[in-house]
Amino acid sequence: MAGRLPGAAASSPLPRALLLLAALALFSISFLSLRSLRPAADPAVAAAAAKSRPLLRLQSSSSVYHSPEAFAAGYAEMERSFKVYIYPDGDPKTFYQTPRKLTGKYASEGYFFQNIRESRFRTDDPDQAHLFFVPISPHKMRGKGTTYENMTVIVKDYVEGLINKYPYWNRTLGADHFFVTCHDVGVRAFEGLPFMVKNSIRVVCSPSYNVDFIPHKDIALPQVLQPFALPEGGNDIENRTILGFWAGHRNSKIRVILARVWENDTELAISNNRISRAIGELVYQKQFYRTKFCICPGGSQVNSARISDSIHYGCVPVILSDYYDLPFNDALDWRKFAVILRERDVYQLKNILKSISQEEFVSLHKSLVQVQKHFVWHSPPVSYDAFHMVMYELWLRHNVIKY
């Protein structure tokens with residue numbers, strides 16, 4: 001047996017076992033040494049992380065956000081550091097800084113003005129500001145009977161006065177400035193300032209992206225009819241026996257078609273006029289509680305306060321409006337709690353709604369309940385309400401340009 005070493009056949013398995021143990025010991029020592037090189041955890045950081053975990057778990061369990069983690073992190077950073085400077089000029093008893101009222105379908109404008117003045121986001125130091133708020137309310141001018149022509153002149157003179165008095169506008173040509181208006185006339189009031197329409201952030205209730213509204217720059221302000229006449233709806237699916245509901249004025253082409261095609265249908269409760277108060281108290285609002293899908297066609301503009309009504313009363317909104325940049329669309333996934341259709345789908349409306357299974361409807365309804373808190377205004381504001389969601393949208397845009 002040439003080539004064999006003496007005694008090889010008689011070798012014991014013991015040396016092999018010792019080699020294996022030695023290898024395992026070496027691996028363990030190396031692993032522990034590498035772990036020892038990591039910096040010790042900061043107790044304060046660990047405590048903060050533990051405190052934030054329930055919020056992140058809560059957000060992650062929901063599907064109504066495009067990215068729950070990104071929204072939670074961005075919202076927290078916004079609350080921590082976001083600062084807005086409000087120009088102090090103008091008599092606060094007039095249409096500067098003070099909208100006319102906090103009720104009605106334009107209440108969102110009034111609530112924002114009041115909330116921003118009293119919020120922790122406000123700073124009196126312009127050098128610390130991320131954005132600059134131009135506090136002029138065309139809505140109040142409208143209430144005082146100011147003509148459109150005079151309104152345009154007033155707005156133009158006021159903004160140009162700020163530009164001439166302060167240096168902040170000229171650093172970015174207004175890109176870090178914003179104004180807020182819910183009334184559609186308010187949007188027209190700024191037409192004398194084309195550079196402001198082009199550069200500044202417009203927070204408006206009529207966000208139609210087939211005109212001058214620019215979705216990645218401007219912000220859709222929800223039109224909320226406050227105060228709500230009745231409490232929030234939700235978790236009441238068994239009471240919703242009506243397939244679809246709409247009642248209102250025929251002040252747009254899509255509303256005329258909706259009423260003409262479906263007003264005599266036996267499963268869709270479609271009325272070509274508002275429900276008369278003579279029928280009974282709050283009949284219109286109570287109808288939301290009994291309906292699965294509430295039809296929300298655009299009116300004179302793409303928007304409608306009916307969308308926020310539907311959300312509040314727990315009725316899944318059916319968006320029937322083209323070119324509509326939906327409120328808080330950067331954070332909320334509207335398809336999880338609403339049905340979004342094109343205007344030409346009105347002819348197939350009943351078939352589309354009946355094709356939605358009960359399981360799908362239950363999912364839409366449950367998600368709808370989750371977003372109700374985002375479509376209500378408070379004074380003072382509370383976390384995650386409409387004011388804070390608008391501030392979050394502004395926060396997302398604050399670092400587009402900065403000098």
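**Figure 1. The second largest pocket of the predicted model.** In this predicted model, the second largest pocket has a volume of about 350 Å³. Its lining consists of 19 residues, and those nearest the centre of the pocket are V187, S206, S208, V211 and Q301. At least two lining residues come from each of helix α8 (184-188), helix α9 (194-199) and strand β5 (201-204). Helix α8 makes the greatest contribution to this lining, with four residues. Sorted by class, the lining of the second largest pocket comprises nine nonpolar, five polar and five charged residues.

**Figure 2. The largest cavity.** One cavity of 30 Å³ or more is found when the whole structure is searched. The volume of the largest cavity is about 40 Å³. The residues P222, Q223, S304, I307, S308, Y324, P327 and F375 form its lining. Five of these lining residues are nonpolar and three are polar, while no charged residues occur among them.

**Figure 3. The crossing of helices α3 and α15.** Helix α3 spans residues 68-81 and helix α15 spans residues 386-397; their axes come within 10 Å and cross at roughly 95 degrees. Because of this angle, α3 is described as roughly perpendicular to α15. On the α3 side, the contact involves A70, F71, G74, Y75, E77, M78, E79 and S81. On the α15 side, these residues meet H388, M389, M391, Y392 and W395. The residues of this contact comprise eight nonpolar, three polar and two charged ones.

**Figure 4. The packing of helix α4 against α15.** Helix α4 (residues 107-118) packs with α15 at an angle of about 75 degrees, and the two axes are 10 Å apart. The helices α4 and α15 are therefore roughly perpendicular to each other. Helix α4 contributes F112, N115 and I116 to the contact, and α15 contributes F387, V390, M391 and L394. Six residues of the contact of α4 with α15 are nonpolar and one is polar, with no charged residues.

**Figure 5. The loop between strands β6 and β7.** Two features of the backbone are shown in this view. The peptide bond from Q226 to P227 is cis, and its omega is near 0 degrees. Residue P227 is located in the loop between β6 (219-220) and β7 (242-247). Residue N235 also lies in the loop between β6 and β7. The phi of N235 is near 55 degrees, which is a positive value in a residue other than glycine. As a general rule, most residues other than glycine have a negative phi, and most peptide bonds are trans.

Figure 6. Residues S379 and P380 are joined by a cis peptide bond, for which omega is about 0 degrees. The loop between α14 (358-371) and α15 contains P380.

**Figure 7. Confidence along the protein chain.** The average pLDDT of the protein chain is 81, and 79% of the residues score at least 70. Confidence is highest in helix α13 (residues 349-354), where the mean is 97. Confidence is lowest in helix α2 (residues 43-60), where the mean is 36. The pLDDT is below 50 over residues 1-61, and this stretch has 10 contacts in the model beyond near neighbours in sequence.

Note on methods:
Residues numbered from 1 in each chain as written. Predicted model: local features only at pLDDT ≥ 70, side-chain atom pairs only at ≥ 80, totals over all residues. Heavy atoms only, no water. pLDDT = per-residue confidence, 0-100. Contact = heavy atoms within 4.5 Å. Axes fitted to C-alpha atoms, helices over the stretch in contact; angles between N-to-C directions. Parallel < 35°, antiparallel > 145°, perpendicular 65-115°, else oblique. Nonpolar A, V, L, I, M, F, W, Y, C, P; charged D, E, K, R; others polar. 1 Å grid on protein atoms, 1.4 Å probe; cavity = no way out; pocket = protein on both sides within 12 Å on 5 of 7 lines; lining within 4 Å. Points joined across faces, edges and corners; volume = space filled by probe spheres on them.
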